Amino acid sequence: MAPIVGKKAPAFKGVAVSNGEFKDISLDQFKGKYVVLFFYPMDFTFVCPTEIIAFSDRVEEFRKLNAEVIACSTDTKFSHLAWTQQSRKEGGLGQMNIPILADPTKKVATDYGVLIDEGDDAGVALRGTFIIDPEQNLRIAHINDLPIGRNVSEYVRLIEALRFNAEHGEVCPAQWTPGGKTIKPDPKASKEYFGKSAERPIHPAICLLPFWGVIDKESSVKELQSFNLLPLIYSTFKPTNSPGLSMPPSTSASSGAGTSATPVAPFGARLSKLVLSAQFVWFLGHLVTVIQATLYILSMWNSAKSARNYSKAYYGIILSYGIIMYKAHGIPQFNSVYFQRLMRDENSQYFLLALLWCTSKPLAATLIPYFVFSLFHSVNYFRSEILPALLPPSTSTVTPRLQEVTLKFVKEYQSRALRVVAYAEVWVILPVLTIGIFFGWSSLLSPIFYARFLMFRYFMSPMTKAAFADMRFRLDGLADKPSTHEGVRKVLKKTIEVVSRFGDENLRAAAGEEPR
């Protein structure tokens, strides 16, 4: 029986391939978050990798909305693993940012009503996509036939709509996107929306749009220009790669003989749209962090000046992470459900940690993770938002080149940078805080609070787990050296014991067991 929208989502658990490892996952562990569970037919096929890669590459957009994405098929975990180890150029998945759940018993596919049970495709799942809310109720259910791939942007939009409805109580009309008009679900109050919609007359030139590409394009452009309608169309319809929805070519500006450029909004309109958004403020916070952290390092010889730069760097961090938290969780609520949801969010953990460092004595090491994150966020935003707004690709040959350079930088160094962060958090910040107790650099509470933060990171980040494993390996080697002093050896053995227990406790927590 197919699951019912509005009722509890069918529970599931199983082994998934996550970051190149086998990992037990279940629906229960995602309580407090939205879950996008999408089924696909089979590994090593054709449409499937395009969908999985599309979801994986955009998973951060979902996580900013307090959502996780899980792929699932009826293949085995070994098949999933082999597919992730195949190059994308050869039809493989490559590095994945989302877990891929194995369902060889076909129970999950059956429970969600997507299993094909007869014909040539018996035993595989249809392309079902299900959105489950933080209370684990099924809210959205879409099922595509095998040949038809999905649009990831639509599922981002649906979660944004669900969150808006949950936070504001208003409902989202057709074609709604964030920032668009919504409807108050009340017979009288709803007239406010419908009244404004009715006031907007339909211009006769709109009738030309369905026939774009069928009738003569040149005469169509002239007709639209005579009604001064091109700016309206440009602001209403986003250009896409689909010929049926592509923007009409501009006759007012051309680049090269016989070629036409896409109509571009005025510079002032592009600039105001860019800066009058929460995302731009989020970017400014990251930019402030990068600049002020750099100035802090350069001015460490001047304690007063460096302290101001240190504080300003954390003001930027608090601003950017505060916006992420608001976007993900809405207005703060003083109840246990909201607090628990907050504590499961990685961004919330970094936000609370930033509040602690901002009110403590300056420690350069604590800025390392935030500087790295802010640097890559700033570069990505510059590439994807600022460049196209200031120098639209249709009017500038510089923009595509700069975007290519910045994208290459991100792809080449981001993974290494995240590894640096993980090792800095374990190898640098933790020892500095611990030693700082004896030298007055940090309070007694700082390393305790930070240890709890690292426990969360150990569970969430494979790189943090690898950093702890590397620490234990190196400490073991040092302790076993004959030349190591006996007193030092005892300290090392004790440290190894603490590190090992730390990992064991986290693994037990991940498995839902009680700590020892």
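User: Hi! Before we start, what does "contact" mean here?

Analyst: Contact means heavy atoms within 4.5 Å. This is a predicted model, where local features need pLDDT of at least 70, side-chain atom pairs count only at pLDDT 80 or more, and totals for chains, interfaces and linings use all residues. Residues are numbered from 1 along each chain as its sequence is written, and side-chain values use heavy atoms, with hydrogens and water left out.

User: Great. Which residues does tyrosine 314 touch?

Analyst: Leaving aside residues up to four places away in sequence, tyrosine 314 touches Ala354, Trp357, Cys358, Thr366, Leu367 and Tyr370.

User: And the largest nonpolar core, which members touch the most others?

Analyst: They are Tyr314, Ile317, Tyr321, Trp357, Leu367, Tyr370 and Tyr450, out of 38 residues. A nonpolar core is a set of buried (under 20% relative accessible area, 1.4 Å probe, protein chains only) Ala, Val, Leu, Ile, Met, Phe, Trp, Tyr and Cys residues joined through side-chain atoms within 4.5 Å.

User: Which element gives that core its largest share?

Analyst: That is α15, with 7 residues. Helices are DSSP runs of H or I, at least four residues, numbered from the N terminus.

User: How much of the protein is buried?

Analyst: Of its 516 residues, 41% count as buried.

Conventions
Buried means under 20% relative accessible area, exposed over 50%, partly exposed in between (1.4 Å probe, protein chains only). Helices (H or I, at least four residues) and strands (E, at least two) are DSSP runs, numbered from the N terminus.
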